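Please find below a colleague's note on the model under review. It is set out as numbered points for reading beside the coordinates.

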Amino acid sequence: MHPEPIPVTVLTGFLGAGKTTLLRHMLQAEHGLKLAVIENEFSETPIDGQLLGDKPVELLTLANGCVCCSIHVELEKALFLLLDKLDAGELAFDRLVIECTGLADPAPVAQTFFADEELAQRYVLDGIVTLVDAVNAERHLQEAIAQAQVGFADRILLSKTDLAEPEQVEALRQRLVRINRRAPLRVVEHGRIDLAELLDIRGFNLNADIAPAPLLRPLAPVGQSADRIGTLVLSSDQPLDMARLSAFMEDLLERHGNALLRYKGVLNVAGDERRLVFQGVLRLYGFDWDEPWGEGEVRQSVLVIIGDNLPEDEIRAGFAALAPLSLRERGRG
């Protein structure tokens, strides 16, 4: 019988956004945790110079008990290696942080913790944290991969805000919210931030926590967005027909699964007192019944989709058609 799964935080962001500086802060802060850190890249400024070597996997235990792992092989091999050493008593850690290369797509990293059964049992993906360089964001966000890193995030950290004009920072905030409306934005100063903002995010838990309410309010129109990645919020005050809902989701995944970066829904299904919650990454998703709706509570279905060039009008029309058939409509059928 294995102990509780090890929470995993994936740290991503474009080149020069400050990931290594943040990692140093996480390792040196007085938090009493035993963190294991996987550096998934050859870095010019590694956490410790001893990490760079010729071996496929380099391990180093720091003075405070944290573990650094520099890998030049597949991520899965490093994850299993850490588990082997943990089970053998050679290492001790209770959380894992993975630093992605600046040009990395977070999707394969996230999928690793769902695709392999043993890894899914031993690790739990807690959240994806993306750093955004406030000075160079306009240039970085011209790249689709930088937009995708923002779209996958459960937390967005703005770095170098002290070096940018206030108007520039505010414009960037608005742009980031349009790309990802479910991730809170926080400022990180020279790698320093309250670790409570980074740990125990539970971004991949099946629960009814969709996003902070202000983030889901309608946004002021700004004309045609230049960003490929954007957030689509669907809502309905009508109970949803389960059969129609299943067909809608199957069609959405079949036609646009590779463009659905992150999605989460809390739905009011006709004929059931419980909330239906689900979420997914690309074509991998899970769902479950949650707590019953409260007495007098407004039963509103909300589905938040962060996707790549999705046909929004078509998807909105499909979602709007999920209300149960009336008796008259059934008779016509």
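Predicted model: local features only at pLDDT ≥ 70, side-chain atom pairs only at ≥ 80, totals over all residues.

1. Five strands form an open sheet in the order S9-S13-S10-S11-S12, and their pairing is antiparallel. The edge positions belong to strand S9 (229–236) and strand S12 (284–292); each has a single partner strand, so one side of each lacks a neighbour in the sheet. From one strand to the next, the twist averages 10 degrees.

2. Seven bridges join strand S10 (residues 260–268) to strand S11 (residues 274–281) in the antiparallel sense. Arg-262 has Val-281, in S11, as its bridge partner.

3. Two helices accompany the sheet. Helix H8 (residues 242–256) lies across S9, S10, S11, S12 and strand S13 (301–308). Relative to S10, the direction of H8 is at about 175 degrees. Helix H9 (residues 312–320) also packs on the sheet, where it touches S9 and S13. The directions of H9 and S9 make an angle of about 20 degrees.

4. A separate point concerns the packing of two helices. The crossing of H2 with H3 is right-handed.

5. Which residues of H2 and H3 meet? Leu-75, Glu-76 and Leu-79 are the H2 residues, and they meet Val-109, Thr-112 and Phe-113 of H3. Sorted by class, this contact comprises four nonpolar residues, one polar residue and one charged residue.

6. The buried residues are Ala-146, Gln-147, Ala-148, Gln-149, Val-150 and Gly-151.

7. Is Arg-95 buried or exposed? Its relative accessibility is 11%, and because buried means under 20%, Arg-95 counts as buried. Arg-95 is located in strand S5 (residues 95–100). With residues up to four places away in sequence left out, Arg-95 touches Ile-6, Pro-7, Leu-33, Lys-34, Leu-35, Ala-36, Leu-199 and Asp-200. The surroundings of this arginine may be inspected alongside that list of contacts.

Key
Residues numbered from 1 in each chain as written. Heavy atoms only, no water. Pairing = 2+ DSSP bridges. Helix = DSSP H or I, 4+ residues; strand = E, 2+ residues; numbered from the N terminus. Axes fitted to C-alpha atoms, helices over the stretch in contact; angles between N-to-C directions. Contact = heavy atoms within 4.5 Å. Buried < 20%, exposed > 50% of the residue type's maximum accessible area, 1.4 Å probe, protein only. Left-handed = near helix turned anticlockwise from the far one by under 90°. Nonpolar A, V, L, I, M, F, W, Y, C, P; charged D, E, K, R; others polar.
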